[in-house]
Amino acid sequence: MNSEKASASEKPFGGKPLEHLREAIEAGRRQATSDSDCLLILTHRGPDPDAIGACEGVRFLCDQVFGVPAKVATAGEIHRAENLALVRVLGLEFLNYDHIDHKGYFGAVLVDTQPGFGHTIVPEDIPLLAVFDHHVVPNTEGEGAPAQVIPHKDVRLGIGATATILYEYLRESGKPMDATTATALFCGIRYDTADLSRNASPLDEEAFYATFRLADREKITTINNPPLPRVYYSELHSALSLAKQHGALVICLLGKVSHPEFVAEMADFFLRMKGASWVVVGGASEKEGSYVLSLRTDYAFGNAYPLMERILDSDGSFGGHGHIAGGRIAMDDIGESSVASIERSIRKRALAILGTNEDDLPPEGRPLS
Ligand SMILES: [Mn+2]
């Protein structure tokens, strides 16, 4: 990991990442058994704006700079209204990973995640030629298959967004990007860096302004304020009535949710409440067969990752960095009683770790209304 950390400040690939990538793709094409000349671009499940923007950045780079056709495929559905709007408003073509013909691709590129990450599928029958990411590799020593050799691996922990890394390749290429690519990259950078307020490096700053100048501003506004489905309001209503405050901690366990991204969205929403410095939100997703958890903190030195580990108490898988952590508990049956039993133990552990001893606080917490 030290070498990856170093690459945040040093220029990777001997200062010629674009040429290195071009060679990796050309070599992959020569060695391929597939007759196809098309590349497959993949990211994690439930792609966020940075993942979507980085996919579009790779697609433009391959197509317009290298002359290699490339298609983006996502596994699972995109639910969050803002992310759906990004794809729809920009007219991005995303294939469903479950329905693609693997023989149609000579190689794959993975963005905003890495092989072995929990929410990521990498096909075994398509060679992985390149990875672009900015996440820490989880500590999974002794688990799973040995790390595979990836011809072009650009992982920079010091960069705020994967879209920023792709911006740098496009800048180096000298090829002017179109408004669609600029808008997609911009939305990714602003999302992952919270408008440059979080984890933003000088390169993120450059990329933010450069892509904004070329972006379609009207479309950015539509993407930020997308139409919301009716079910959103009924779930919001139940989240508001289920949330309980325990001093600086807000817990909201939602039972069944229509889609897992709603859990993370509510965690962000409750963290904005004055006096709330820790937020734990959970919900069971029938589609994913799991109970999904989000933990947020806005304490300057708050570290969400080890807390999620304690709240899960070896019940599931988790990941995160800094102030954000997410967890998943696999469930065989999403019946009411099993959901309730998971929620009881999560509430108990969260309160034991983060709860307060204030005398005037009811043990079941204070409702928000
Ligand atoms: Mn990202």
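In this predicted model, the sulfur of Cys-187 lies 14 Å from the closest cysteine sulfur, that of Cys-55, which is too far for a bond. Cys-187 is buried, at 4% relative accessible area. Cys-55 is buried as well, with a relative accessibility of 0%. The cysteine sulfur closest to that of Cys-55 belongs to Cys-62, 11 Å away, again too far for a bond. A disulfide would need two cysteine sulfur atoms within 2.5 Å. Across the whole structure, zero disulfides are found.

Aromatic contacts are present. The search of the whole structure finds nine aromatic pairs. In one of them, the ring centres of Tyr-232 and Tyr-233 are 5.7 Å apart and the planes stand at 80 degrees, so the pair is edge-to-face. Tyr-232 is buried, at 14% relative accessible area, whereas Tyr-233 is partly exposed, at 48%. Tyr-305 and Phe-318 form a tilted pair, with ring centres 5.1 Å apart and planes at 50 degrees. This pair links distant parts of the chain, 13 residues apart: Tyr-305 belongs to helix 11 and Phe-318 to strand 11. Tyr-305 is partly exposed, at 27%, and Phe-318 is partly exposed, at 26%.

Phe-186, Phe-208, Tyr-209 and Phe-212 make up one aromatic cluster. The ring of Phe-212 also has the charged end of Arg-217 over it, 4.5 Å from the ring centre. Likewise, the charged end of Arg-29 sits over the ring of Phe-106, at 5.2 Å from its centre.

The structure holds one cavity of 30 Å³ or more. The largest cavity contains about 50 Å³ of space. Its lining has five nonpolar, four polar and one charged residues. Among the lining residues are Leu-42, Arg-45, Tyr-97 and His-119.

Note on methods: Residues are numbered from 1 along each chain as its sequence is written. This is a predicted model: local features need pLDDT of at least 70, side-chain atom pairs count only at pLDDT 80 or more; totals for chains, interfaces and linings use all residues. Side-chain values use heavy atoms; hydrogens and water are left out. On a 1 Å grid over the protein atoms alone, a cavity is a set of points where a 1.4 Å probe fits but cannot get out, and a pocket is an open set with protein on both sides within 12 Å along at least five of seven lines; lining residues have an atom within 4 Å of a point. Grid points are joined across faces, edges and corners, and a volume is the space filled by probe spheres set on the points. Ala, Val, Leu, Ile, Met, Phe, Trp, Tyr, Cys and Pro count as nonpolar, Asp, Glu, Lys and Arg as charged, and the others, Gly among them, as polar. Buried means under 20% relative accessible area, exposed over 50%, partly exposed in between (1.4 Å probe, protein chains only). Rings of Phe, Tyr and Trp (its six-membered ring) pair if their centres lie within 6.5 Å; planes under 30 degrees apart count as stacked, over 60 as edge-to-face and the rest as tilted. Helices (H or I, at least four residues) and strands (E, at least two) are DSSP runs, numbered from the N terminus. A charge sits over a ring if NZ of Lys or CZ of Arg is within 6 Å of the ring centre and within 35 degrees of the ring normal.
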